Amino acid sequence: MVTLRCTKNLLRQLRTTPSSEPRLPTTALGDWYATLVRTRPHPLVLCVSEQSLLSVILPAREVGTLASRFQKAVKEHLVVLGASLQDVEREAAAMHQIELGPTVSRSVRGSMRDLTFALDDELQRGRLPAIEELQLYLSTYIMGAMGMRYPYEVALEVLRHPRKNS
């Protein structure tokens, strides 16, 4: 069970009412935060893990399929980053059920804002056109909220040593 904590703007696009009492996540990477990023030529959805600040990027088209595309994108990104297949499968199984909820952590929202600026900067430079390349770039973007560590390092560590309650 995981909650995709969406910004107000994204919740409006999804045309849904978030769960009033989201449950605790059963995933090692915790809940994920999502925001709409208006880019050209097409808008994107930036999703960020609250435990590691690892980012997954999805095209904003077909918002009705966001949850299923999100699950697949997380799994694929973890494999690319070198997570063990056992860790990836355990995380994917824990993400089987997704609820939508509002954002609650100001810290994660602030980090998401930093990642959005980095994403915009890279797109304006035109250096990394593919979503997969952008995800890899953001996974090596040093985050102060993680003790000046890379999100991919934190994510792989959290996956290898999940919390007892996950």
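Ser 111 is buried, with a relative accessible area of 5%; buried here means under 20% relative accessible area, exposed means over 50%, and partly exposed lies in between (1.4 Å probe, protein chains only). This is a predicted model, in which local features need pLDDT of at least 70 and side-chain atom pairs count only at pLDDT 80 or more, while totals for chains, interfaces and linings use all residues. Residues are numbered from 1 along each chain as its sequence is written, and side-chain values use heavy atoms, with hydrogens and water left out.

**Ser 111 and its helix**

Let us stay with Ser 111 for a moment. Its place is in helix H4; helices (H or I, at least four residues) and strands (E, at least two) are DSSP runs, numbered from the N terminus. Which residues does Ser 111 touch, not counting residues up to four places away in sequence? They are Leu 53, Met 143 and Ala 145, where contact means heavy atoms within 4.5 Å.

Helix H4 covers residues 106–125. At 1.5 Å a residue, its 20 residues should span 28 Å, and the end C-alpha atoms are 29 Å apart, which agrees. The expected span is 1.5 Å times one less than the number of residues in the helix. Besides Ser 111, the buried residues of H4 include Val 108, Gly 110, Met 112, Leu 115, Thr 116, Ala 118, Leu 119 and Glu 122. Their cover includes strand E3 (44–49), strand E4 (55–59), E2 and helix H5 (131–139).

**Leu 58 in strand E4**

One of the strands covering H4 is E4, and Leu 58 is found there. Is Leu 58 buried or exposed? With a relative accessible area of 4%, Leu 58 is buried. Leaving aside residues up to four places away in sequence, Leu 58 touches Leu 44, Val 45, Cys 47, Leu 66, Arg 69, Phe 70, Ala 73 and Ile 131. Leu 58 and Tyr 141 are 83 residues apart in sequence, and their C-alpha atoms are 18 Å apart in space.

**The chain as a whole**

Stepping back, the protein chain has six helices and five strands. Read from the N terminus on, the elements run β-α-β-β-β-α-α-β-α-α-α. The radius of gyration is 15 Å, close to the 15 Å that the globule rule gives for 166 residues, so the chain is as compact as a globular protein of that length. That radius is taken over C-alpha atoms, and the globule rule is 2.2 Å times the number of residues to the power 0.38.

The C-alpha atoms fill a box of roughly 40 × 35 × 25 Å along the principal axes. Of the 166 residues, 46% count as buried. Among contacts with a separation of 6 or more, 62% come from residues 24 or more positions apart. The chain exposes about 8800 Å², and carbon and sulfur atoms supply 52% of it; these areas come from the Shrake-Rupley method with a 1.4 Å probe, and for residues only the protein chains shown count as cover.

**Salt bridges**

Side chains of opposite charge can pair when their charged atoms come close. How many salt bridges does the structure hold? There are seven, a salt bridge being a side-chain nitrogen of Lys or Arg within 4 Å of a carboxyl oxygen of Asp or Glu. The table gives some of them.

| Salt bridge | Closest N and O atoms |
|---|---|
| Arg 23 and Glu 99 | 2.8 Å apart |
| Glu 76 and Lys 72 | 3.8 Å apart |
| Arg 149 and Glu 157 | 2.9 Å apart |

The pair Arg 23 and Glu 99 links distant parts of the chain, 76 residues apart. Arg 23 lies in the loop between helix H1 (8–14) and strand E2 (32–37), and Glu 99 in strand E5 (residues 98–102). Arg 23 is partly exposed at 42% relative accessibility, whereas Glu 99 is buried at 13%.

Glu 76 and Lys 72 sit four residues apart in helix H2 (residues 66–80), so about one helical turn separates them. Glu 76 counts as partly exposed at 44%, and Lys 72 counts as exposed at 54%.

**Aromatic pairs**

A pair of aromatic rings is described by the distance of the centres and the angle of the planes. Rings of Phe, Tyr and Trp (its six-membered ring) pair if their centres lie within 6.5 Å; planes under 30 degrees apart count as stacked, over 60 as edge-to-face and the rest as tilted. By this rule there are three aromatic pairs. One of them joins Tyr 150 and Tyr 152, with ring centres 5.8 Å apart and planes at 20°, so the pair is stacked. Tyr 150 is partly exposed at 29%, and Tyr 152 is partly exposed at 25%.
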